[in-house]
Amino acid sequence: MAHTIDELVELQRAADAAQAELQRVQKAFGKPTEGRWAAEQHTEWETAWRAWSDLSRQVQLAVTEHAEAEGTPRSEVEAEVRRRSRHQEPDQPGGE
């Protein structure tokens, strides 16, 4: 399924949010080798890691599909998605 750039941007934002959550969990718990995590901590970390991993994979596949469907180099699509996902568009809520 070829996605629109807007859909790709939303997927990238979801992956970025999942990565931020994973980083929050890692910061809160420290490195697993520095101490013993409780089972709940390990479960929380694994859940965050899987969410980030799954979303990142979805973004990569969708970018590839879109680039192939549009006949555009994948690197150009990826760069556009990353640029737009990090900046709110003026006509969107929260934009300028």
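Helices (H or I, at least four residues) and strands (E, at least two) are taken here as DSSP runs, numbered from the N terminus.

The model is predicted: local features need pLDDT of at least 70, side-chain atom pairs count only at pLDDT 80 or more, and totals for chains, interfaces and linings use all residues. Residues are numbered from 1 along each chain as its sequence is written, and side-chain values use heavy atoms, with hydrogens and water left out.

Of the 96 residues of the protein, 24% count as buried, meaning under 20% relative accessible area with a 1.4 Å probe, protein chains only. A contact is a pair of heavy atoms within 4.5 Å. Of the contacts in the protein with a separation of 6 or more, 64% are between residues 24 or more positions apart.

Helix α1 covers residues 5-29; at 1.5 Å a residue its 25 residues should span 36 Å, and its end C-alpha atoms are 36 Å apart, which agrees. The expected span is 1.5 Å times one less than the number of residues. The buried residues of α1 are Leu 8, Val 9, Leu 11, Gln 12, Arg 13, Ala 15, Ala 18, Leu 22 and Val 25. These buried residues pack against α2 and α3. An α-helix has 3.6 residues a turn, so residues three or four places apart point the same way. Just after α1, Gly 30 has a positive phi of about 80°.

The two helix pairs are set out below. Axes are lines fitted to C-alpha atoms over the stretch in contact, and angles run from 0 to 180 degrees between N-to-C directions.

| Helix pair | Angle | Axis distance |
|---|---|---|
| α1 and α2 | roughly 155° | within 8 Å |
| α2 and α3 | about 125° | 9 Å |

The angle makes α1 roughly antiparallel to α2 (over 145 degrees). The crossing of α1 and α2 is left-handed, that is, the near helix is turned anticlockwise from the far one by less than a right angle. By class, this contact has 18 nonpolar, 7 polar and 3 charged residues. Ala, Val, Leu, Ile, Met, Phe, Trp, Tyr, Cys and Pro count as nonpolar, Asp, Glu, Lys and Arg as charged, and the others, Gly among them, as polar.

Helix α2 (residues 39-70) also packs with helix α3 (residues 74-85). The contact is made by Gln 60, Val 63, Thr 64, His 66 and Ala 67 of α2 and Arg 74, Val 77, Glu 78 and Arg 82 of α3. Its residues divide into 3 nonpolar, 3 polar and 3 charged.

Conventions
Buried < 20%, exposed > 50% of the residue type's maximum accessible area, 1.4 Å probe, protein only. Parallel < 35°, antiparallel > 145°, perpendicular 65-115°, else oblique.
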